[in-house]
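Dear colleague,

I am passing on the structure below, together with some notes on what was found in it. Please have the model open beside the text as you read.

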Amino acid sequence: MIEINSLKFLYCKSREASAMGFISENGFTVLKDSKVSYNIVPSFSKHNPGYYNLRIKLENNGIIFSGTFQNDYEFSAPSAASSVVLGRSSNGRIDWKDENGRILRELIED
């Protein structure tokens, strides 16, 4: 299992997105300068309105500006973080990976 204090960095990537973060005390923290996908999947707002609205809120508040996190930001869960980063519904236990490509779910089970 990953320990919070170990700060094992995890990565969430797509063609456009490239984010780095870690499991934090209250969920999952995405680090400043992480890039989000410019494209938001059209069905995202319908199938996952909570995370879609969070993405829009972060953009409107300047936390995400020009596709980049301006500060570290703590999400309630890895899936919230990966959904915002990728601009689509996402399972954070699969889409966050370590430097060796191991998914978060595998890392937690160890």
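How many residues lie between S2 and S3 in the hairpin that they form? There are 2 residues between these two strands. Before going further, please note that this is a predicted model, in which local features need pLDDT of at least 70 and side-chain atom pairs count only at pLDDT 80 or more, while totals for chains, interfaces and linings use all residues. Residues are numbered from 1 along each chain as its sequence is written, and side-chain values use heavy atoms, with hydrogens and water left out.

The sheet

Strands here are DSSP runs of E with at least two residues, helices are runs of H or I with at least four, and both are numbered from the N terminus; two strands pair if DSSP finds at least two bridges between them. Taken as a whole, the open sheet consists of 4 strands in the order S1-S2-S3-S6, with antiparallel pairing. Strand S1 (10–13) and strand S6 (73–75) are at the edges with a single partner strand each, so one side of each has no neighbour in the sheet.

The helices

Helix H2 (residues 49–60) contains Arg55, which counts as buried because its relative accessibility is 1% (buried means under 20% relative accessible area, with a 1.4 Å probe and protein chains only). A polar atom of the Arg55 side chain lies 2.7 Å from the backbone oxygen of Val84. Beyond its neighbours within four places in sequence, Arg55 is in contact (heavy atoms within 4.5 Å) with residues including Val36, Tyr38, Ile64 and Gly87.

Two packed helices are described by the angle between their axes and the distance between the axes. For H2 and helix H3 (residues 78–86), the axes come within 9 Å and cross at roughly 65°, where axes are lines fitted to C-alpha atoms over the stretch in contact and angles run from 0 to 180 degrees between N-to-C directions. On the H2 side, Tyr51, Leu54, Arg55 and Leu58 take part, and they meet Ser79, Ala80, Ser83, Val84, Val85 and Leu86 in H3.

Notes
Buried means under 20% relative accessible area, exposed over 50%, partly exposed in between (1.4 Å probe, protein chains only). A polar contact is a pair of N or O atoms within 3.5 Å; within protein, one must be able to donate a hydrogen and the other to accept it, and residues adjacent in sequence count only if both atoms are side-chain atoms.
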